[in-house]
Amino acid sequence: MNLQVVFCNYHTSPVAVREKLAFSSPEHLQEAYQELQQAFPHSEIVVLSTCNRVELYAAHEEDRSPSYEELAYFFSEFHDIPVSEFQDNLLSEQGEDAVRHLFRVASSVDSMVLGESQIVNQVKDAYRIAQENNACGILTNTLFQHAIKVSSRVRSETKLSEGRVSVASVAVGDFGKSIFERFEDKTVLVIGAGEMAEETLRYLKEEGARKIIVVNRSTERAEMLAMNWGGEVSPWEHLDDVLKKADIVVSTTGATQPVITEDRYRAIRKSTGERPVFLLDLGAPRDISASVGDIDDNIFLYNIDDLEATCDLNRKSRGREVQKANQIITEETALFMQELHHRATGPVVQRLRSQWHEIREEELRRLFNKLPHLSEEDREQIQNSVGRVINKLLHPPLETLREESHSGTPEGLVTALKKLFHIQD
Amino acid sequence: MANVTVFCFLASYLVSGVMEALRLRGKSSFNKLVLRGFALAGLIAHTIYLFNRSQQTSLPPLLSSTHDWLLVLAWLAIVFYIFLTLFDSDLAIGLFLIPIVLALIGSAYFLQQAPNQLVSQEILIKEARHGWAMLHASLLVLGMAGGLVALVLGMMYLTQHRRLRQKQTMKEGLSLPSLGRIARLNWWSVVISVPLLTLGMAVGVGLGLSTQKGDSPLSFTDPVIVTYGIAWLIMIGFFVWLLTTSRSQDRQTASLSIWIFSFLIISVVVLQIISSKLDISSHGPTQTTTSADPLLKEVSE
């Protein structure tokens, strides 16, 4: 029985290498499975490809799993890049270490954003796609199902996933939601059309924001952002008018001077009154003068540094949970390996049982032929009694076998059982 | 059950209050379990105590004495607290509400609690007045409970507002509703409690007028009644301001809720304690007559 993983991830390799080894589309992945099945027809394979990692899990019921070199060669052939370009970045783990590696990945202990929830879905997807491509078997099924179970245990027994750790999620989840009861009736104004604006809009949309206005110096980018998120574009010259309507302002321009100054916003507040507004300044340098927050008590202004401080706190809090998570992973890895080793003794145990039961049947048949006067009830009693004797005799060796499985496949005992009881392979 | 004393539930709520305060130090499911357990145990003891008092005086707790009346108010507050925390166990309402409950129960200690034999007998005779007195006390206690909720919501609003202005993260395991939600609930609690208190006052005035032909008519210049009147006028002013002002004045609403309802509750409690100890009110409870309200003594006479 053999299990291994070859992988490159954000720890071991730069993005330039990862993107060369990645399987970027479902079609690409399907093609990879076809080639892997041709190259290693008796192996079970699962490919996990995300933006932060490319991992290939291979398992074989016997010790004929593809070697590291063979898998590296596959990557090279499939992506048409020389092995030398990625060899240093492509690592490998075997057996128990490979199991622990997957459990760490699925539990998000190995993620760039510790405790993020996306990775377990990516692991589930990878497993599902492998099943759809008939690349899974008993070992990979057990391994991935166990990995998903471990992830769920880590999530429920530790605080690894608690607290938001991205600027946009903290802005909306920790602060925006504490200001407004609902977002459906709020007007969101996005100034600038950068990535941060897009990410913040995603969280705002999740909370129910409907009315979105995008203002950007480049109309083309504004239109694209507005189209993606069901918003409308307003010309840059109308910024003051839309600022008057906005309950939430997300500013992410690359301007070198503040776009919203105190004087400008004071004039706007004069006409809007002091209704609560949530101003998110995600620009660097800042787009909104810090003094805007002091105009009145209902202006809630946050810049990147304010939000990063919360992110840092949450990251530290998650970091404190890593030890607990690792403890769970160690326990579960040991349990999985024990089950795996015990599973390896399965065929011998099964043959031993059936051999003894065959003897029982044969001897009982002989006995019942000699004693035809026995009633059905007597026969049943005798059958049960002999069955119990066999089970009691089998119990000590099988129990010893199970205990020995804790520390690996008990090859010696299995061989001894085979020899002692003439068990044929 | 007969041995249940004020100390039993006061101690339970005190433990809950301490556990609530410990939540500020970090999230702990054990802590939550203990504080809920003690709050529930306190509520059970509290209910049994009020039931026993009612049995002893043959009067509903609202009518027997100010001591019992305050305990009913505290009981309502605890029911409200347990009900809310069932839906959101992280809600930090206990930090604000339990100290007030403890203060109410503590104040009840200083008030006369011996049931007035005259009240119980006479009120039963005068069934019509008994009904009005019950309505008067019920409206006042419900209005006060609404005011207490407004006071707590006001404190929660200011805490949340301060956190958001200072850009602080909420403590782990604690949650406060959004400013929008607190403001809406605060508005409704004021809008409901002030009319209830007004109706309670109106019924009280009616009862007072009905005593004028008796042997000891109620004096409307009684210090207790005058203070109630002032508190009521302030609340009416607040109520009118609330209905006419823009909803963006949520912070002022929260601050005013705290000031006005604190004044109302403190003045009611302090005046009852003073009148109980010094007998300054001709209509307040005395060593021999202890009623939930100055008017109730008149009703009995």
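In this predicted model, helix α4 (residues 95-106) of chain A packs against helix α6 (residues 138-157) of chain A at an angle of about 45°, with the axes 8 Å apart. The two helices α4(A) and α6(A) are therefore oblique to each other, and α4(A) passes α6(A) in a right-handed crossing. On the α4(A) side the contact consists of Val99(A), Leu102(A), Phe103(A) and Ala106(A), which meet Leu143(A), Ala147(A), Ile148(A), Val150(A) and Ser151(A) of α6(A). By class, this contact has 8 nonpolar residues, 1 polar residue and no charged residues.

Strand β2(A) pairs with strand β3 (residues 53-60) of chain A in the antiparallel sense over 6 bridges, and Ser49(A) stands opposite Val54(A) in β3(A).

Chain A is divided into domain 1 (2-162), domain 2 (167-308) and domain 3 (335-421). The centres of domain 2 and domain 3 of chain A, taken over C-alpha atoms, are separated by 73 Å.

A further open sheet of chain A comprises 6 strands in the order β7-β6-β5-β8-β9-β10 (chain A), and here the pairing is parallel. Strands β7 (232-233) and β10 (299-303) of chain A stand at the edges with a single partner strand each, so one side of each is left without a neighbour in the sheet. Helix α7 (residues 167-179) of chain A packs on this sheet, touching β8, β9 (277-281) and β10 of chain A; the direction of α7(A) makes about 175° with that of β10(A). Within the sheet, strand β5 (residues 187-191) of chain A and strand β8 (residues 248-251) of chain A pair in the parallel sense over 4 bridges. Ile191(A) stands opposite Ser251(A) in β8(A).

In chain B, the axes of helix α1 (residues 6-22) and helix α5 (residues 94-109) come within 9 Å and cross at roughly 155°. Helices α1(B) and α5(B) are therefore roughly antiparallel to each other, and their crossing is left-handed. Residues of α1(B) in the contact include Leu10(B), Tyr13(B) and Leu14(B), while those of α5(B) include Ile98(B), Leu102(B) and Ile105(B). By class, the contact of α1(B) with α5(B) has 13 nonpolar, 3 polar and 1 charged residues.

| Helix pair | Axis angle | Axis distance |
|---|---|---|
| α4(A) and α6(A) | about 45° | 8 Å |
| α1(B) and α5(B) | roughly 155° | within 9 Å |

Between the chains, 15 residues of chain B are in contact with 19 residues of chain A. Helices α7 (127-165) and α8 (179-210) of chain B each supply at least two residues of the side of chain B that touches chain A. The largest share of that side, 4 residues, comes from α8(B). By class, the side of chain B that touches chain A has 3 nonpolar, 6 polar and 6 charged residues.

Notes:
Residues numbered from 1 in each chain as written. Chains lettered and ligands numbered in written order. Predicted model: local features only at pLDDT ≥ 70, side-chain atom pairs only at ≥ 80, totals over all residues. Axes fitted to C-alpha atoms, helices over the stretch in contact; angles between N-to-C directions. Parallel < 35°, antiparallel > 145°, perpendicular 65-115°, else oblique. Left-handed = near helix turned anticlockwise from the far one by under 90°. Contact = placed C-beta atoms within 7 Å. Nonpolar A, V, L, I, M, F, W, Y, C, P; charged D, E, K, R; others polar. Domains from an automatic or database assignment. Pairing = 2+ DSSP bridges.
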